[in-house]
Structures are given as structure tokens and as C-alpha cells.
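The model is a predicted one.

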Amino acid sequence: MKRPEFRTAALGLIWLAASQLSVTAHAVGVADAAGNAQAGAGKVAMCIGCHGIEGYRAAFPEVYRVPMIGGQNAKYIEIALHDYKKGNRKYATMRAIATSLSDQDIADIAAYYAAQAPSSRNNPDK
């Protein structure tokens with residue numbers, strides 16, 4: 001008789017491996033534009049309205065807690081924005097914004113936010 005904890009652990013490992021492969025495969029498919037944090041500073045005005053307000057919750061199309069993204073990993077932001085642009089992530093507002101961005105815009109915005117920290121003087125997330 002198989003023990004259920006082994007099955008649960010095995011399924012968890014399979015899910016983890018599949019998730020990692022998906023992220024890796026996606027990262028390879030994303031164009032590698034070099035991000036420029038300084039250029040990104042001029043492109044984040046549309047981001048600050050939601051991501052720059054601590055504890056902000058968006059109410060369309062559903063109530064959603066908007067994350068603070070200052071200090072987030074640049075590659076993560078790039079992948080997320082490309083996923084919104086392709087429709088792989090389902091949030092209408094982010095999709096509309098992401099579809100208006102070029103690969104260079106995405107790289108610059110990601111570099112800008114990655115360079116931020118809670119103590120950064122110019123961090124719009126404060």
C-alpha cells in the first residue's frame with residue numbers, strides 16, 4: 001500500500017520542476033534588451049499610480065492588492081510584463097499597459113525598479 005505523504009511529496013516535486021522549466025523556457029524566449037534604469041525613470045509614470053501607493057487595492061475587474069515593486073528583480077518584472085502583454089497573465093489593466101510597451105521600455109522599467117530600494121531617495125514607492 002502506497003503512503004499518501006509520498007504521493008503528495010512526489011506531486012509537489014513534479015509541480016516545482018515543471019514550474020521551473022516553464023519560467024526558464026519563457027525567459028529564453030523573451031528578447032534580451034539591455035535595461036537602462038535612467039531611461040526607465042521617465043517611463044514609470046503610469047506605474048506609480050498603482051504600484052507607488054502602499055497598501056493600494058485596485059477594484060477593476062476585481063479587488064486586487066497591488067504589489068510594491070521597488071527593489072524587485074529586473075528579470076521577474078520583464079517576464080511579468082511580457083506575460084501580461086501576451087495575455088498569459090490575466091489582469092486587464094496591466095495587459096492594456098503592457099501592450100503599449102516596447103521590449104526596450106519593458107527592460108528600462110524593469111531596470112529602474114530593480115535599482116530601487118525602500119531607502120532610495122528617488123523611489124516612487126515611498
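Q: What makes Tyr-91 count as buried?
A: The relative accessibility of Tyr-91 is 9%, and buried means under 20%, so Tyr-91 counts as buried.

Q: Why is Tyr-64 called partly exposed?
A: Tyr-64 has a relative accessible area of 31%.

Q: How many aromatic pairs does the structure hold?
A: The structure holds two aromatic pairs.

Q: Why is the pair of Tyr-64 and Tyr-91 called tilted?
A: The ring centres of Tyr-64 and Tyr-91 are 5.0 Å apart, and rings pair if their centres lie within 6.5 Å. Their planes stand at 35°; stacked needs under 30 degrees and edge-to-face over 60, so this pair is tilted.

Q: Which parts of the chain does this pair link?
A: Tyr-64 belongs to strand 2 (residues 64-65), and Tyr-91 to the loop between helix 4 (74-86) and helix 5 (92-99). The two are 27 residues apart, and the pair links distant parts of the chain.

Q: What makes the pair of Tyr-112 and Tyr-113 edge-to-face?
A: The angle between the planes of Tyr-112 and Tyr-113 is 80°, and over 60 degrees counts as edge-to-face. Their centres are 5.3 Å apart. Both Tyr-112 and Tyr-113 are buried.

Q: At what angle do helix 4 and helix 6 pack?
A: Helix 4 and helix 6 (residues 103-114) pack at about 140°, with axes 8 Å apart. The crossing is right-handed.

Terms used
Residues are numbered from 1 along each chain as its sequence is written. This is a predicted model: local features need pLDDT of at least 70, side-chain atom pairs count only at pLDDT 80 or more; totals for chains, interfaces and linings use all residues. Side-chain values use heavy atoms; hydrogens and water are left out. Rings of Phe, Tyr and Trp (its six-membered ring) pair if their centres lie within 6.5 Å; planes under 30 degrees apart count as stacked, over 60 as edge-to-face and the rest as tilted. Helices (H or I, at least four residues) and strands (E, at least two) are DSSP runs, numbered from the N terminus. Buried means under 20% relative accessible area, exposed over 50%, partly exposed in between (1.4 Å probe, protein chains only). Axes are lines fitted to C-alpha atoms, for helices over the stretch in contact, and angles run from 0 to 180 degrees between N-to-C directions. A crossing is left-handed if the near helix is turned anticlockwise from the far one by less than a right angle, and right-handed if clockwise.
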